[in-house]
Amino acid sequence: MSSRLGLHASAALWFAVGLMVLANILLPMQDALAKGLISDFPVWEVMFVRSVTVFVLTLAIGRTWLVGRIVKTPLKRFMAIRALVMLAGWITAYTALRHIPLGQSITLYFVAPILVSLAAGPLLGERPPLLQWIAVIVGFAGVVLASGLAGFEISWPVGLALFSACLWAISLLMLRSMSNEESSLVQVAFANGLFVVFTAIPLIFNGSSATANDIMWMMLVSIRLIK
């Protein structure tokens, strides 16, 4: 029995690792699409379509169970705070992406895993092993070399990108802290529901010039659903 449980735990671990790898493969694709879109459309408009798409997909997956869980969850306030942190992270990331090269933006994003590893001990009681630290540092160093990070100057868009990375780290720590109490699907649906509400406000007042083709590309920006 114990060996079977061990196999299940190992399979779950590698499944989680695979999902994280896939998410980080999709990240550059998402950012490349977003960079093209935010050159022509306001950040809030791209965020609105993206959030509606993710929200509808989560409802299609969770259906009535998901709606009921969102209504009943005792973590509404905590998830609302996390959603605001994430929304600020998306807005600052997309604003920075409009002004700096894609490679540099992605490099600065990878500051977040380092911050998470640093904060996991004091905040979550987790002690990342040495191999994890080596993987984080080597991975970040590789991205730095590949994107030429050492060659660009500090500017306000770079500052925004770094601030966005800090916000991602905070949101990941918040996600981890309540992962045993609420499923990822509930958290994603709740957050994107709030995103829709907040980004709809400027859309109502300013309108939209996006065509059906533009909206389709904005929907594709939502390919990396779990954040």
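Helices (H or I, at least four residues) and strands (E, at least two) are DSSP runs, numbered from the N terminus. The structure is a predicted model, in which local features need pLDDT of at least 70, side-chain atom pairs count only at pLDDT 80 or more, and totals for chains, interfaces and linings use all residues. Residues are numbered from 1 along each chain as its sequence is written, and side-chain values use heavy atoms, leaving out hydrogens and water.

The protein contains nine helices and zero strands. From the N terminus on, its elements run α-α-α-α-α-α-α-α-α. Of its 227 residues, 40% are buried. Here buried means under 20% relative accessible area, exposed over 50%, and partly exposed in between (1.4 Å probe, protein chains only).

The expected span of a helix is 1.5 Å times one less than its number of residues. The 23 residues of α8 should therefore span 33 Å, and its end C-alpha atoms are 33 Å apart, which agrees. Just after α8, glycine 207 takes a positive phi of about 75 degrees.

The interior was examined next. A nonpolar core is a set of buried Ala, Val, Leu, Ile, Met, Phe, Trp, Tyr and Cys residues joined through side-chain atoms within 4.5 Å. The largest such core has 28 residues, of which Val46, Met47, Trp90, Tyr94, Phe195 and Met218 touch the most other members. At least two residues each come from α1 (2-38), α2 (43-72), α3 (76-97), α5 (111-124), α7 (156-177) and α8 (184-206). Helix α3 gives the most, with seven residues. A second, separate core has eight residues, including Met79, Met178, Val186 and Phe190.

Valine 46 sits in helix α2. Its relative accessible area is 0%, so valine 46 is buried. In sequence, valine 46 and threonine 199 are 153 residues apart; in space, they are 9.1 Å apart, C-alpha to C-alpha.

The surface carries a nonpolar patch of about 570 Å², made by Leu84, Phe198, Ile201, Ile204 and Phe205. Patches are made of residues with over 30% relative accessible area and no salt bridge; like charges are joined within 9 Å, and nonpolar side chains (Val, Leu, Ile, Met, Phe, Trp, Tyr) within 5 Å. Accessible areas come from the Shrake-Rupley method with a 1.4 Å probe, and for residues only the protein chains shown count as cover. Helix α8 gives the most to this patch, with four residues. Phenylalanine 198 is found in α8. This phenylalanine 198 counts as partly exposed because its relative accessibility is 39%.

The structure holds one salt bridge, defined as a side-chain nitrogen of Lys or Arg within 4 Å of a carboxyl oxygen of Asp or Glu. The side chains of glutamate 182 and arginine 69 form it (2.9 Å, N to O). Glutamate 182 lies in the loop between α7 and α8 and arginine 69 in helix α2, so the pair ties together parts 113 residues apart in sequence. Glutamate 182 is buried, at 4% relative accessible area. Arginine 69 is partly exposed, at 26%.

Helix α2 also holds arginine 63. Its phi is near 55 degrees, a positive value in a residue other than glycine. Arginine 63 is exposed, with a relative accessible area of 60%.
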